[in-house]
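Biologist: I am new to this structure. Please walk me through it, one question at a time.

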Amino acid sequence: VQLQASGGGLVQAGGSLRLSCATSGRTFRRYTMGWFRQAPGKEREFVGFSSGSGGGAYYADSVKGRFAVSRDTAGTTVFLQMNSLKPEDTAVYYCAASSRWSDQAADYDYWGQGTQVTVSS
């Protein structure tokens, strides 16, 4: 079972990035696929998730209207489209999978390795 996050990088404020999370080892189609981030010296925080049961997507207030979580039609890759990026979005971003509809990191059973996003002002 593996989640592999990619797509991070350095971008100027106001720019966009799309992160990808490739899954393997089992079917995550019915899982809630979430994104979390952790900035230096801060706790890991919830960003957004896509429900595997057709329950739609849910976002943290700090990214609502700017970020969007989606999945490919095969259900094997999850994306985080990030627009209008701000310096405070700088963090390591992690994808994760949960059997629950949850924004709590403790409810996620599988985690990717993280990808660095740096937004310059």
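Biologist: Which residues have the most contacts inside the largest nonpolar core?

Modeller: This is a predicted model: local features need pLDDT of at least 70, side-chain atom pairs count only at pLDDT 80 or more, and totals for chains, interfaces and linings use all residues. Residues are numbered from 1 along each chain as its sequence is written, and side-chain values use heavy atoms, with hydrogens and water left out. A nonpolar core is a set of buried Ala, Val, Leu, Ile, Met, Phe, Trp, Tyr and Cys residues joined through side-chain atoms within 4.5 Å; buried means under 20% relative accessible area, exposed over 50%, partly exposed in between (1.4 Å probe, protein chains only). The largest one has 32 residues, and those with the most contacts inside it are Met33, Trp35, Phe67, Leu80, Met82 and Tyr93.

Biologist: Which strand gives the largest share of this core?

Modeller: Strands are DSSP runs (E, at least two residues; helices are H or I, at least four), numbered from the N terminus. Several supply at least two core residues each, including β1 (2-6), β4 (32-38) and β8 (77-82). The largest share is 5 residues, and it comes from β9.

Biologist: Which cysteines does the disulfide join?

Modeller: A disulfide is a pair of cysteine sulfur atoms within 2.5 Å. The structure holds 1. Its S to S distance is 2.1 Å, and it joins Cys21 to Cys95.

Biologist: How many residues apart in sequence are the parts that this pair ties together?

Modeller: Both cysteines, Cys21 and Cys95, are buried. Their link is right-handed, with 65 degrees about the S-S bond. Cys21 lies in strand β3 (residues 17-24) and Cys95 in strand β9, so the parts tied together are apart in sequence by 74 residues.

Biologist: Why is one side of β1 and of β7 left without a neighbour in the sheet?

Modeller: Two strands pair if DSSP finds at least two bridges between them. The open sheet has 4 strands in the order β1-β3-β8-β7, with antiparallel pairing. β1 and β7 stand at its edges, so each has a single partner strand.

Biologist: Which residue in β8 is the bridge partner of Ala22?

Modeller: β3 and β8 run antiparallel and are joined by 6 bridges. In β8, the partner of Ala22 is Thr77.

Biologist: Which residues form the covered face of strand β11?

Modeller: β11 (residues 115-120) is joined to β2 (residues 9-12) by 4 bridges, and these two run parallel. With β9 (residues 91-98), β11 has 3 bridges and runs antiparallel. The uncovered face of β11 holds Gln116, Thr118 and Ser120; the covered face holds Thr115, Val117 and Val119.

Biologist: Phe36 and Tyr108 form an aromatic pair; what is the angle between the planes?

Modeller: Rings of Phe, Tyr and Trp (its six-membered ring) pair if their centres lie within 6.5 Å; planes under 30 degrees apart count as stacked, over 60 as edge-to-face and the rest as tilted. The count comes to 13 aromatic pairs. Phe36 and Tyr108 are 5.0 Å apart, centre to centre, and edge-to-face at 80 degrees.

Biologist: Are the planes of Tyr58 and Trp101 stacked, edge-to-face or tilted?

Modeller: Tyr58 is partly exposed at 36% relative accessibility, while Trp101 is exposed at 53%. Their ring centres are 5.9 Å apart and their planes stand at 40 degrees, so the pair is tilted.
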